[in-house]
Amino acid sequence: MRKNIVAGNWKMNTTVQEGISLAQEVNGLLKNMKANCDVVICVPFTHLVPVNGVIDQNIVGLGAENCADKVKGAFTGEVSAQMVASTGANYVILGHSERRQYYGETNETLIEKTRLALENNLTPIFCVGEVLEERENGTYNDVVKSQVEALFSLSAEDFAKVVIAYEPVWAIGTGKTATSDQAQDMHAHIRNVIAEKYGVELAQEISILYGGSCKPSNAKELFAKPDVDGGLIGGAALEAASFIGIVEAFN
Ligand code: PEP
């Protein structure tokens, strides 16, 4: 059975001290409830070690928001997958639309990042999603298919370890959520694309998260869809109560 997951993406927000408080609050709230899904917080690199010190990873998992496409060496400012893993993190977001859009990440660099993440036992949360123009001109299914296909040189064993996050770019941070039907249609499409390459059985095991202005008020309807296995949460993950409100959509 595939896992339901709610993962927070803090982006470039919070000081280390604020991040520690937020992580403590999330951990504390989760400790007092029985979450019916895995919960993960993905935090800035600077926060990984101190946040790991204040959470119980049996309660809330820890992830980074990116990693390098190189193993090690003269790449000033980069942080490798091995470095991320050495902090105690178990997840890494890869290919977020902000990385694709502002930092020129391509299918070529993303497959390298994914391979390195997997080699270092990190679970990649691999983001795909179309921009508004592609939604409006009807090419969104092809766009997302080619983003998923970027990982198709992975072995079946490796692909099975990847979590996919469908994040329509027009819904990220805009307050404009995809309807639950739009999300379901795309998640089913992604699962079909995976099934064509790796078989139906493996495709059924892949967790596919929805991201884009997900909040406590719309999470239940989105997560009720059969192919929506949770969410990747930006803005609403910066406030413990709203993040937990989304986790509660599975209860
Ligand atoms: C994100 O950036 O991953 C995201 C889903 O952001 P938001 O929830 O703020 O739309």
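Biologist: At what angle do helix H11 and helix H12 pack?

Modeller: This is a predicted model, in which local features need pLDDT of at least 70 and side-chain atom pairs count only at pLDDT 80 or more, whereas totals for chains, interfaces and linings use all residues. Residues are numbered from 1 along each chain as its sequence is written, and side-chain values use heavy atoms, with hydrogens and water left out. Helices (at least four residues, H or I) and strands (at least two, E) are DSSP runs numbered from the N terminus, and angles run from 0 to 180 degrees between N-to-C directions of axes fitted to C-alpha atoms, for helices over the stretch in contact. For H11 (residues 216–223) and H12 (residues 240–247), the axes lie 8 Å apart and the packing angle is about 20 degrees.

Biologist: At what angle do the axes of helix H7 and helix H9 cross, and which residues of H9 make the contact?

Modeller: The axes of H7 (residues 140–149) and H9 (residues 180–198) come within 10 Å and cross at roughly 45 degrees, which means that H7 is oblique to H9. H7 contributes Tyr140, Asn141, Val144, Lys145, Val148 and Glu149 to this contact, while H9 contributes Met186, His189, Ile190, Val193 and Ile194.

Biologist: Is His189 buried or exposed, and with which residues is it in contact?

Modeller: His189 belongs to helix H9 and has a relative accessible area of 19%, so it is buried (under 20%; exposed is over 50% and partly exposed in between, with a 1.4 Å probe and protein chains only). Once its neighbours within four places in sequence are set aside, His189 is in contact with Asn141 and Lys145.

Biologist: Which residues does Ile190 touch?

Modeller: Ile190 is one of the residues with the most contacts inside the largest core. Not counting residues up to four places away in sequence, Ile190 touches Val128, Val144, Val148, Ile164, Tyr166 and Ile208.

Biologist: What is phi of Ser213, and where does that residue lie?

Modeller: Most residues other than glycine have a negative phi. Ser213, by contrast, has a positive phi near 55 degrees, and at 16% relative accessibility it counts as buried. Its place is the loop between strand E7 (208–211) and H11.

Biologist: Where is Thr14, and what is its phi?

Modeller: Thr14 sits in the loop between strand E1 (5–9) and helix H1 (16–31). At 28% relative accessibility Thr14 counts as partly exposed, and its phi, a positive value in a residue other than glycine, is near 80 degrees.

How values were computed. Angles under 35 degrees count as roughly parallel, over 145 as roughly antiparallel, 65 to 115 as roughly perpendicular and the rest as oblique. Contact means heavy atoms within 4.5 Å. A nonpolar core is a set of buried Ala, Val, Leu, Ile, Met, Phe, Trp, Tyr and Cys residues joined through side-chain atoms within 4.5 Å.
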